[in-house]
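Subject: Structure handover

Hello,

Please find the structure below, followed by notes on what was found in it.

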Amino acid sequence: MAIVITPGQQRLGVRVALGVLLIIVFRSILFPSNTQPKEIQSHGVLERVLLTDKYLDVHKYPFLQHRTGRDERPDLFDKEVNDGVMDFWTRFQKPFITGSETAHLDQQVVRGAIEDLLMFNGWVAGACPTLKRPFGQNSMDEHFEDLANQGHLYYIGIVVHSADHFLVDQLAVIVQLARRLGTRNIFVSVLDSASTDSTATLSDLCEAVMITLGIAFRIKRVPPMTHEPSAAYYPLEEAQARNYALEPLHELWQKRSVKFHKVIWLKGFTCPNDVLESLRVSEVNNAAMVCGMDWAEHNGFFIFSDRWRTRDIEGNLFRQAKSNSKPEAGPPRDKTGTERYANHLPFQVFCCESGSHVVDPEQSYYRGIDYRASEMAQNLSSTELPPDWDPEYQCMDSTQMWFCRDLWTDAAKDGLKGGKGGLSGKVPIGHNRKAGHKRDEVPPAAAAEPNAAELKAHERDEKAEKQAVEFAKRQAIKDDKEQDSGTDNDAMAESDENAAPPPMPAQDQLPASAYLIPNAAFTPARILVNPRCITTYGGVSHTQLALDLFGTKGHEDNGGKYALEDWMGPPDSFVCQEMRTTGGRTAPKSQRRVGWLLQNEVSRRVADMGS
Ligand SMILES: *[C@@H]1O[C@H](CO)[C@@H](O)[C@H](O)[C@H]1NC(C)=O
């Protein structure tokens, strides 16, 4: 029997087909494709127009919670565990969950679980409110509303390399931060850099907690950089790991125009209030970076520990000072820093990492600064001949020191202080010396022979190099600590053998015939250490440490608790503790003082960008 189709039916058919097609086309235009639902997705057209993502809503955007590199290998007890879970579900959970009369109870159970989780304090964080702080920051009425009310988004970065003993407490800190700042205001990026301990299992715990609380996260596990640990160049490893941890930050900006207000790097263990206070210090000072201070237990004392990546504003190594030493003998060596340290006030530094730190992405990552390391490292596992080190070769130090130098250079690109701009003004050296690095003194422009500056720089470098060779000879020492558990084992021991190099000769002592722009003339990078934010490691007696550092009596809040008034320029030279070879974290380090002139750095950077 032939089917007879009337023109009316035909029209209807075509309309239906067109309609379906239209819906498909619209869908594909308006909503992004779902082929990789786990990756951060771009906005659909409609979303872009109608919605502004003010919060990280994980229920609306499931791709905000993402885990890669999970250990999926079959396990010995997989079957038993699964059987148990199934049994519990079918006998005790399913019958009640499906009954409508118990529905409100389920909701209550979930709410209760979330309430309980928000109280989660880990092993150490529970004691935080009882620890001594100089300005009574732990008082019960400190809720950091000023931070929470802004509705800003915060990015928390954690790089774990076989340091599972921190992870539970770091999770507790995240939960506590989420409680103050809002669970929809934070993104957590955990990078497991080839851990061999129980980090993978604890990552499961983190994942479960963050899913329950509705916190956006990405947990990523990456294999080691090379499978032969001795072939890895540690600064490069560190740089890579951090850049991995920052991937979601860039993706969220590029694909969804979500910008974060601050990036918080959690290292070791830091009390939640101290992190929040560092956020406040960062905010008030519009700082590019604010670091805590890092204390490790050492023969019954606590010593300042992250000396590899920290330099005071004169470019000196911090002292490996004890927590109970007098402030004059405290970690920073420069005068202003020492004075402020004595009063527990934030002080400016050339570079820091020392524990948990807060970075302003607007002054760094969003401006194209990422983590890097020297590419000149000698690879011991390859058969190449050792290079003939050029006396003027770059300092091959930690990735954080590279990052700080990039921050200074980037800030300096904005020109001279006071907005005089550009690199046009050449200033006689020594002219600005008496004024030190005083903020407001923009040196007057002066005519100069073009080559004089280079000549001068060369002269200085040569001097630095002579010193350097001497020091390198005496001081090439091996850091023989073997364990690799994320504590302070990249510090160099301080001894007579390994004293910090003395400062470079002051520029007054150099002939004043040459002309260049002193570092102090450029717009400074705002890098601070907040001595009240302390980072510690497992086993540290926090109560004693807090007493050592802050004493028993409180301090007057003289209004200068957070803000720094005077910003100095960077030093003309700094102590370079470098790793020239592969060999992982414990490869030998040597030390020298190298000259560092912003003028050269800025022109190099401008040239790099031009090419
Ligand atoms: C060193 O060489 C080895 C073997 O050629 C290679 O696997 C490794 O990636 C190299 N390391 C670095 C830091 O380039």
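Gln137 is buried, with a relative accessible area of 6%; buried means under 20% relative accessible area, exposed over 50%, and partly exposed in between, with a 1.4 Å probe and protein chains only. This is a predicted model, in which local features need pLDDT of at least 70 and side-chain atom pairs count only at pLDDT 80 or more, while totals for chains, interfaces and linings use all residues. Residues are numbered from 1 along each chain as its sequence is written, and side-chain values use heavy atoms, with hydrogens and water left out.

Gln137 sits in the loop between α4 (103-118) and α5 (145-148). Helices (H or I, at least four residues) and strands (E, at least two) are DSSP runs, numbered from the N terminus. Not counting residues up to four places away in sequence, Gln137 touches Glu142, Asn273, Glu277 and Arg532, where contact means heavy atoms within 4.5 Å. Gln137 and Asn273 are 136 residues apart in sequence, yet their C-alpha atoms are 7.7 Å apart in space. The side chain of Gln137 also makes a polar contact with the side chain of Glu277, at 3.0 Å. A polar contact is a pair of N or O atoms within 3.5 Å; within protein, one must be able to donate a hydrogen and the other to accept it, and residues adjacent in sequence count only if both atoms are side-chain atoms. A polar atom of the Gln137 side chain lies 2.9 Å from the backbone nitrogen of Phe135.

Arg280 belongs to helix α10 (residues 272-285). Arg280 counts as buried because its relative accessibility is 9%. Its side chain makes a polar contact of 2.7 Å with the side chain of Asp146. Leaving aside neighbours within four places in sequence, Arg280 is in contact with Glu142, Phe144, Asp146, Leu147 and Tyr562.

Most residues other than glycine have a negative phi. Ser162, although not a glycine, has a positive phi of about 45 degrees. Ser162 is found in the loop between β2 (154-160) and α6 (164-181), and is buried at 12%. Ala194 is not a glycine either, and has a positive phi of about 55 degrees. Ala194 lies in the loop between β3 (186-193) and α7 (199-213).

What surrounds the ligand? Thr226, Ala231, Tyr233, Asn379 and Ser381 do, each with a heavy atom within 4 Å of it. A nitrogen atom of the ligand lies 2.8 Å from a backbone N or O atom of Ala231. An N or O atom in the side chain of Asn379 is 2.4 Å from an oxygen atom of the ligand, and a polar side-chain atom of Ser381 lies 3.2 Å from an oxygen atom of the ligand.

Now the protein as a whole. The protein has 15 helices and 14 strands, and buried residues make up 49% of its 611 residues. The largest nonpolar core has 69 residues, of which Leu64, Phe260, Met289, Trp295, Tyr365 and Ile527 touch the most other members. A nonpolar core is a set of buried Ala, Val, Leu, Ile, Met, Phe, Trp, Tyr and Cys residues joined through side-chain atoms within 4.5 Å. Helix α12 (residues 399-413) gives the most to this core, with seven residues. Another core, of 45 residues, lies apart from it and includes Tyr154, Val190, Ile215 and Ile264.

Regards
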